[in-house]
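Here are a few friendly notes to read alongside the structure.

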Amino acid sequence: MNTAIIKPQWSPLTIALMVIGFITFPPLGFIVLAYIIWGEKFGGSAEKAQAYWNKGCGYMRNNKKHFGGFNRDQSSSGNAAFDDYRSDQLKRLDEERARLDAEIDAFHEYMANLRKAKDREEFDRFMSEHRGNRQGFGDNNQNNNNWGNNG
C-alpha cells in the first residue's frame with residue numbers, strides 16, 4: 001500500500017515545495033528536486049535506495065581508473081615506510097571487499113534459487129490439486145511430468 005502524500009513526480013505541490021525550499025534554504029530545494037527526479041528509482045523503499053547506492057559504489061570501485069579524483073593512493077605522508085604499510089593495508093582491504101562482494105553475490109544467487117524452488121513447488125502443488133478437481137483427466141498423464149527434464 002503506497003500512502004505517500006508527496007509522490008516523486010512533477011505536481012503543483014512538489015514544484016511549490018521545491019521553490020519554497022530554494023528560497024528558504026537552497027540545499028532543501030536540491031533535495032526536493034532530487035526526490036522528484038530520482039524518487040521513482042527508489043520506489044519509496046530504504047532497501048531499494050540502499051541497493052541503488054551500493055550499485056553506484058560498486059561501479060565506481062570497479063572503475064577506479066576512470067575516477068582519478070577519488071583515488072586515495074595519490075596522497076603521501078612523507079614517510080616511505082608508512083606509505084608502504086598504508087598501501088599494503090589498503091590492498092588487503094580491497095581484497096577483503098572483493099571477497100565480501102563475491103559472498104553477497106553468491107547469497108543473492110542462493111536466495112533466487114530458493115525462491116525459484118518454492119515457486120516450482122507451489123506451482124506443482126496447484127497443478128496436482130487442479131488435476132484432481134478435473135474429472136475425465138487422464139490418470140496416465142499425471143506421471144509424465146517433464147519439468148526440468150531436457151533429455
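1. A word on helices before we start: helices here are DSSP runs (H or I) of at least four residues, numbered from the N terminus. Please also keep in mind that this is a predicted model.

2. With that in hand, look at helix H4, which covers residues 80–133 and holds both Phe 82 and Tyr 85. These two residues are three apart, about one turn of the helix.

3. How many aromatic pairs does the structure hold? There are two. In one of them, the ring centres of Phe 22 and Phe 30 are 4.9 Å apart with the planes at 85°, so this pair is edge-to-face. Planes count as edge-to-face when they are over 60 degrees apart.

4. Is Phe 30 buried or exposed? Its relative accessibility is 53%, so Phe 30 counts as exposed. Phe 22 has 31% and counts as partly exposed.

5. The rings of Phe 82 and Tyr 85 also pair: their centres are 6.4 Å apart and their planes stand at 40°, so the pair is tilted. Phe 82 is partly exposed at 41% relative accessible area, and Tyr 85 is partly exposed at 49%.

6. Now for the surface. Trp 10, Ile 15, Val 19, Ile 23, Ile 37, Trp 38 and Tyr 52 make a nonpolar patch of about 730 Å². Helix H1 (12–24) and helix H2 (26–42) each give at least two residues to the patch, and H1 has the largest share, with three.

7. Tyr 52 from that patch sits in helix H3, residues 46–62. With a relative accessible area of 37%, Tyr 52 is partly exposed.

Technical notes. Residues numbered from 1 in each chain as written. Predicted model: local features only at pLDDT ≥ 70, side-chain atom pairs only at ≥ 80, totals over all residues. Heavy atoms only, no water. Phe/Tyr/Trp six-rings, centres within 6.5 Å; stacked < 30°, edge-to-face > 60°. Buried < 20%, exposed > 50% of the residue type's maximum accessible area, 1.4 Å probe, protein only. Patch = residues over 30% accessible without salt bridge, like charges linked within 9 Å, V, L, I, M, F, W, Y side chains within 5 Å. Areas by Shrake-Rupley, 256 points an atom, 1.4 Å probe, with all protein chains shown as cover. Salt bridge = Lys/Arg side-chain N within 4 Å of Asp/Glu carboxyl O.
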